[in-house]
Amino acid sequence: MTAIVTAIVELHGLTKRFGTFTALDGISLAVATGEFLTVLGASGSGKTTTLRLIAGFDLATEGRILIDGVDVVALPPFKRPVNTVFQQYALFPHMSVRDNVGYGLRMQRVPSREIGPRVAEALDMVQLGPFAHRAPRQLSGGQQQRVALARAIVNRPRVLLLDEPLGALDLKLRRAMQLELKQLQTQLGITFIYVTHDQEEALTMSDRVALMRQGRIEQLGPPRELYDRPRSRYVADFIGETNLLPVTVTDRDPAVVTVAGPAGPIPVHVAPVGADAPRAGAQVWLSVRPESLTIEASAAPWGAGSPGVGRGRLNRLPATVRDIVYAGSVVKVHAALADGVTLVALRAPADPPVATGDAVTIGWAADRGVLVVD
Amino acid sequence: MAVLLLLPYALLLIQSFWRLRNGTLTHELTLDNYRRLFGTRLYPATILYSAGVALRVTVISLVLAFPLAYVLAFKVRRHKTLLYMAVIIPLWVSYLVRAYAWKIILGQQGILNGMLMSMGIIRAPLTVLLYSTAAVVLALTHIYTPFTLMPIYAVLDAIPASLKEASQDLYASRWRTFIHVILPLSLPGVVAGCTFAFVLSMGDFLAPQLLGGNDSALMVSNLVWSLFGVAYNWPLGAAVSVVMLGLTLILLWVAGKVEARGSYGGDARASVVDYAAPI
Amino acid sequence: MPHRSDLLTTALWVAAGAVFAFIYAPLAIVILYSVHDGSIIAWPLKLGTLRWYGVLAHDTSLLTAAWASLKLAVLAVMIALAVGVPGAFVLDRYDFPGKGAFRRLVMLPLILPGIITGVALLSFFSFVGLSLSSGFPLVPGWPVVLGHGAALTSVVMTQVYARLQRFDRAQEEASSDLYANEWQTFWQVTLPAIRPAVLGAALLVFTLSLDEIAVTFFLIGRQNTLPLQLWGLLRRGITPEVNAAATVIFAVSLLTIVLWSRMMRDEKVSD
């Protein structure tokens, strides 16, 4: 982790216990200057705790927090060079929009002739210039969200902490704000540490995603890596939709696993595995994304491997269509394998139609199947 | 039942214009009662004196209630509701006990004198403790501090923790957070609490009678009490009551206005009166 | 908030503790001196006798007064409920001109000095010619009963009204959708929802009525209530017997309040 030279935030063995409950279990993490890092996780995974420790609202039980190389663990929030955008915005109800945005500058005793222009600039940046004199409660949710943002960035923090900032907005507004936030971050060059439980949001906006589970970082990497190369069943399941097949490892190189079939195990090829892959004989899971599955309307002979299709081999398994769900731009086909495991495949509406009860062949390129452990 | 409430107050107003002739009530309208009320030194002076006592009680109650409300709202982690209940329970538990307890404490043979003497601090019992304005103020403060605390606690408790955190995140120290965020947000509760303390202590007549002792320490309610109960001059008593009622309503109205300016939409209570709903 | 073991916070706790002590110390003194072994209340405290409770148990005039207080409180509760509950429904469900003013008016006895309400009611009953002793000895006097009822109705009305405001009317719609008629809906759905508020308000009215002095003072006829009887004793001088009586009153009030707060808590759970 210390390999990143320009790390602006470093967490070392950060632990937070509330009584006997461990909210955060010794996480270490380095955030690069200018990076958009998303801390993703289900509720109770420790993501908000991480943010609150960095901001200084809670005290760490153990571990160190370095911001710009300075250990801030002992500093109160008002002495840390970070600002926070709160989940429910936490706008001061007794102040106008302008006074809310200027609050941090006033508290830092910035000369008042500077405050006016900087507040105006920040409000323009979030397109709220005309609303400067309004009270927060007179604004819509989206507008309040922008005020919260302006109130933080006007201080030009080194790091901006965002705690589910779009959580209270409806879907359409949320999507628009995602783009806007990302643009703002690029434009200002501020490091963002962004907490969310929405995996789609994480994938859309981030440079890197830290997926948290039970107070630990389950996997840290660029969004694409988390999606394409999940390290565990939990990651595969949490990020996007996936099909999980129980398999037994038979060979590591070339990687072959077996899937249970009615007439004995069927060999299936998977993406090349690393050195830390499970050993032969291990019971693991095969994760294949729905969009990687193809459905052929005819029953194929059982077995794996017609060589030379696409990048690598093509796995083919017989299946029976159980359900067809029309979802606008795609059709979801639920098909059951011989052992009863149901897979979901995405098809285009224009694909050759299949019907419930049809015997079909499910196929996928070997390198789209990823082995994951529990 | 609304009639049973409205009619008496209305009748009080009408009665204050009636004439007392040779000790019997006549229904002739007259302004004599008000003339006498404002023409004699006694009544305006007593009203002023009562307001002075009430003001002192209000200020001291506020100074006492605010820190306790603050600690209850922000510092207490466990048994918060239980502790809050403990603070306000005395409100609903025997007014009389709370008032006369001070007689036991402050009396010439009282506990305070006894303790001071046994410790050798004084030789003879102090007689200035009881039967003084200070004793009345002390007892009334004791009685109405929980009342002052109630609305202050209610508003403080409703302030989200995130507002404090946001303020500290924006470089305000705890003291400045208190001045710029907590205090302005608590204003509606402070106004309501102070209104209670002022109105109720100004209208109190038992504590002054018990602890004030001499005539100079009598409050305006004691005048009403003696006009109705001893002198049987009901029209004049009604006039004094109407003045008290008027002052109270004006105060409630002003408090309501101040409070409306200071509340920020989060609180559904429409006016200071709504805080009077027990807990 | 972290960073909390510092001087400022300590000072706050000390101040809060001191105020708490200020509120309770006088009550504690009264209770301690109810077991004081001596006939005048003086320092030092000599603990260890229950004889004043014995004296209390044989003080017929105090017991009669207590009985009158009890009757008065029960009647006040009945009146306050009978008027306050329907009143709360009217406030919650109907709009009428002057609704806001009506709410304020109902609240007035709670915030106005009791003496004003007392003399206003006295004038009223005297004007309509209802004798203060009427109804005695069956009740302590109709004027005082009606007076307590009227003054305390606001407690019931505000508590039940607050509960109704939080009550989701969709439950009633669901009930009528499921074939219940209006009465069935009221008994099966609405009443259970507001019952804790009604019971809680009833207990509160009971306690407040037991303790009421200002209104009672002006409206009482021949029979003193317990606080008035005590008031009379106090004016003659404080004896340990008064402290014993005060302790009993305190205990009964406390018990009622604890019951009341439990009901309020149950209500919160059932929300």
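Residues are numbered from 1 along each chain as its sequence is written, while chains are lettered from A and ligands numbered from 1 in the order in which they are written. Because the model is predicted, local features need pLDDT of at least 70 and side-chain atom pairs count only at pLDDT 80 or more, whereas totals for chains, interfaces and linings use all residues.

**View 1**
Chain A holds eight helices and 21 strands; helices (H or I, at least four residues) and strands (E, at least two) are DSSP runs, numbered from the N terminus. Along the principal axes, its C-alpha atoms fill a box of roughly 80 × 45 × 40 Å. Of the 374 residues in chain A, 41% count as buried. A residue is buried if 20 or more other C-beta atoms lie within 10 Å of its own, exposed if 12 or fewer, and partly exposed in between, with C-beta atoms placed from the backbone. Residues 24 or more positions apart make up 65% of the chain A contacts that have a separation of 6 or more; two residues are in contact if their C-beta atoms, placed from the backbone, lie within 7 Å. Chain A is divided into domain 1 (7-234) and domain 2 (241-372), with bounds that come from an automatic or database domain assignment. The centres of domain 1 of chain A and domain 2 of chain A, taken over C-alpha atoms, are 40 Å apart. Five residues from domain 1 of chain A and five residues from domain 2 of chain A take part in the contact. On the domain 1 side there are one nonpolar, one polar and three charged residues. Here Ala, Val, Leu, Ile, Met, Phe, Trp, Tyr, Cys and Pro count as nonpolar, Asp, Glu, Lys and Arg as charged, and the others, Gly among them, as polar.

**View 1. An open sheet in chain A.**
Four strands of chain A form an open antiparallel sheet in the order β2-β1-β4-β5; two strands pair if DSSP finds at least two bridges between them. The edge strands β2 (21-32) and β5 (70-71) of chain A each pair on one side only. Nine bridges join β1(A) to β2(A) in the antiparallel sense, and Arg17(A) has Thr22(A) in β2(A) as its bridge partner. The two strands β1(A) and β2(A) form a hairpin with two residues between them, and Gly19(A) in the turn has a positive phi of about 65°. Strand β1 (residues 7-18) of chain A also pairs with β4 (residues 62-67) of chain A, antiparallel, over five bridges.

**View 2. Two bent helices of chain B.**
Helix α4 (residues 80-92) of chain B has 13 residues and reaches 19 Å from its first C-alpha to its last, close to the 18 Å expected at 1.5 Å a residue; the expected span is 1.5 Å times one less than the number of residues. α4(B) bends by about 30° at Ala86(B), and the proline Pro90(B) follows within four residues. The bend at a residue is the angle between axes fitted to the seven residues ending there and the seven starting there. The buried residues of α4(B) include Tyr84(B), Val87(B) and Trp92(B). After α4(B) comes Ser94(B), with a positive phi near 20°. Helix α7 (residues 133-158) of chain B has 26 residues and reaches 37 Å, close to the expected 38 Å. A kink of about 40° lies at Tyr144(B) in α7(B), shortly before Pro146(B). α7(B) is mostly covered, with 22 of its 26 residues buried.

64 residues of chain C are in contact with 66 residues of chain B. α1(C) gives the most to the chain C side, with 12 residues. That side has 55 nonpolar, seven polar and two charged residues.

**View 3. Ser134(C) in its loop.**
Ser134(C) lies in the loop between α5 and α6 of chain C. Ser134(C) is partly exposed because 15 other C-beta atoms lie within 10 Å. Not counting residues up to four places away in sequence, Ser134(C) touches Gly141(C) and Trp142(C).
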